[in-house]
There are 2 protein chains.
Amino acid sequence: MALSSKDTHSVFTKFLAEKSLRMTSQRELILKTFCKQKKHVTAEELYDILKKLDPSIGHATVYRTLKLLSEAGIARELNFGEGSVRYEPDLDREHHDHLVCVKCGENIEFLDEEIEALQKRVVTKYGYELVDHSLNLYGVCPKCQETK
Amino acid sequence: MALSSKDTHSVFTKFLAEKSLRMTSQRELILKTFCKQKKHVTAEELYDILKKLDPSIGHATVYRTLKLLSEAGIARELNFGEGSVRYEPDLDREHHDHLVCVKCGENIEFLDEEIEALQKRVVTKYGYELVDHSLNLYGVCPKCQETK
DNA sequence: TTGATATTGATAATGAAACTCATTAGTAAT
DNA sequence: ATTACTAATGAGTTTCATTATCAATATCAA
């Protein structure tokens with residue numbers, strides 16, 4: 001079940017406390033705003049959004065906080081090879097992979113239990129300890145197939 | 001079976017000819033040197049190696065040529081989220097995915113036909129036309145598990 | 001409050017990759 | 001070989017994402 005924003009807030013606060021870091025108004029705003037986003041955002045995109053809510057916010061703070069959110073398990077880094085990293089909320093959802101349209105960028109999230117299981121099998125076979133994985137499928141979406 | 005360097009050379013030449021581009025001594029050197037590498041290299045790493053063989057070679061030429069090699073299907077771009085793209089020879093081998101150690105960077109190539117098949121199933125399910133995919137598993141290798 | 005320490009935002013720095021452009025080199029036809 | 005055309009090169013510049021630096025500020029525990 002999806003966790004409420006109150007939960008992410010307390011998770012983040014706890015994470016920060018463990019590292020002797022502090023919850024600040026900027027971090028609260030960034031967390032709240034980030035969790036509201038429907039699409040995966042880049043640090044730059046989120047910065048633009050935040051700038052409207054708090055014009056004094058700094059560039060670096062957004063980058064720094066997104067990194068912290070990733071470490072806290074609240075955000076997840078996505079790399080579609082665009083040159084910049086995208087972030088998606090990670091705590092309130094189950095893991096999933098991505099199917100990206102190479103023409104329009106449309107993005108479908110999917111989860112295939114069989115694939116997941118097979119991945120674990122591969123990792124185990126080589127004696128590795130699985131930390132993370134990323135599976136991106138790139139294709140042309142139905143709409144873009146028509147437009148030629 | 002692995003193709004000889006003569007083959008990649010002729011493949012590249014043919015590819016260039018089709019685009020009214022030319023095989024040059026620099027491109028020959030870059031191709032030959034690239035194919036010799038045992039590990040996946042970044043453009044920068046390959047540039048450093050090439051610089052020793054031909055100090056006059058330019059930065060941009062390496063980037064440009066690696067891009068051409070990718071288009072020609074001789075090289076393949078890998079993105080492990082390091083910030084820079086890595087390239088591996090692609091023509092003389094079958095497709096494979098990567099299992100990367102997050103500590104030492106050791107890199108295992110694997111191919112799992114079942115995973116491949118399931119990926120196609122996912123893509124088809126959403127009406128997409130598969131163009132490419134990347135599956136990277138990140139873990140800790142047996143050696144690094146010992147070193148704690 | 002105070003002192004220790006973390007945070008912030010402005011700015012500079014970095015590194016990867018693409019672009020610019022004058023010069024050089026291939027190519028095909030003469 | 002000469003020419004005219006076009007592609008390729010390399011040096012340097014530029015862009016862009018991200019990180020580092022640092023002085024000023026905010027936070028927290030005592």
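## DNA strand C

A residue is near a molecule or strand if its C-beta atom, placed from the backbone, lies within 6 Å of it. In this predicted model, 25 residues are found around DNA strand C, and those that come nearest are Leu21(A), Gln26(A), Gly58(A), Thr61(A) and Ala60(B). Two or more residues of this surface are given by each of α2 (25-36) and α4 of chain A, and by each of α3 (43-53) and α4 of chain B. Sorted by class, the surface near DNA strand C holds seven nonpolar, twelve polar and six charged residues.

## DNA strand D

DNA strand D is surrounded by 27 residues, of which Val85(A), Leu21(B), Gln26(B), Gly58(B) and Thr61(B) are the closest. The class division for the surface near DNA strand D is eight nonpolar, 13 polar and six charged.

## Architecture of chain A

Chain A contains six helices and six strands. Along the sequence these elements follow the pattern α-α-β-α-α-β-β-β-β-α-β-α. Taken along the principal axes, the box filled by the C-alpha atoms of chain A is roughly 45 × 45 × 30 Å.

## Helices and sheet in chain B

In chain B, helices α3(B) and α4(B) pack with their axes 9 Å apart and at an angle of about 125°. This angle makes α3(B) oblique to α4(B), and the crossing of the two helices is right-handed. The residues that meet are Ala43(B), Leu46(B), Tyr47(B) and Leu50(B) from α3(B) and His59(B), Val62(B), Tyr63(B) and Leu66(B) from α4(B). By class, this contact of α3(B) with α4(B) comprises seven nonpolar residues, one polar residue and no charged residue.

Chain B also has an open sheet of three strands, in the order β1-β3-β2, with antiparallel pairing. Its edges are formed by β1 (41-42) and β2 (75-78) of chain B; each has a single partner strand, so one side of each is left without a neighbour in the sheet. Four bridges connect β2(B) to β3(B) (residues 86-89) in the antiparallel sense. Within this pairing, Leu78(B) has Arg86(B) in β3(B) as its bridge partner. Helix α4(B) lies across β2 and β3 of chain B and runs at about 105° to β2(B).

## Contact between chains A and B

The contact between the protein chains takes 31 residues from chain A and 31 residues from chain B. On the side of chain A that touches chain B, β5 (107-110), α5 (113-125), β6 (129-140) and α6 (142-146) each supply at least two residues. Strand β6(A) gives the most to this side, with twelve residues.

An open sheet of six strands spans both chains in the order β5(A)-β4(A)-β6(A)-β6(B)-β4(B)-β5(B), with mixed pairing. Its edge strands are β5 of chain A and β5 (107-110) of chain B, each of which pairs on one side only. From one strand to the next, the twist averages 20°. Strands β4(A) (residues 97-101) and β5(A) run antiparallel and are joined by four bridges, with Asn107(A) in β5(A) as the bridge partner of Val100(A).

Helix α5(A) packs on this sheet, touching β6 of chain A together with β4 (97-101), β5 and β6 of chain B, and its direction makes about 45° with that of β6(B). Helix α5(B) likewise packs on the sheet, touching β4, β5 and β6 of chain A as well as β6 of chain B; its direction makes about 45° with that of β6(A).

## The α5 helix pair

The axes of α5(A) and α5(B) (residues 113-125) come within 10 Å and cross at roughly 160°. Angles over 145 degrees count as roughly antiparallel, and α5(A) and α5(B) are therefore roughly antiparallel to each other. The crossing of α5(A) past α5(B) is left-handed. Glu114(A), Ile115(A) and Leu118(A) of α5(A) make the contact with Glu114(B), Ile115(B) and Leu118(B) of α5(B). By class, the contact has four nonpolar, no polar and two charged residues.

Technical notes. Residues numbered from 1 in each chain as written. Chains lettered and ligands numbered in written order. Predicted model: local features only at pLDDT ≥ 70, side-chain atom pairs only at ≥ 80, totals over all residues. Nonpolar A, V, L, I, M, F, W, Y, C, P; charged D, E, K, R; others polar. Contact = placed C-beta atoms within 7 Å. Axes fitted to C-alpha atoms, helices over the stretch in contact; angles between N-to-C directions. Parallel < 35°, antiparallel > 145°, perpendicular 65-115°, else oblique. Left-handed = near helix turned anticlockwise from the far one by under 90°. Pairing = 2+ DSSP bridges.
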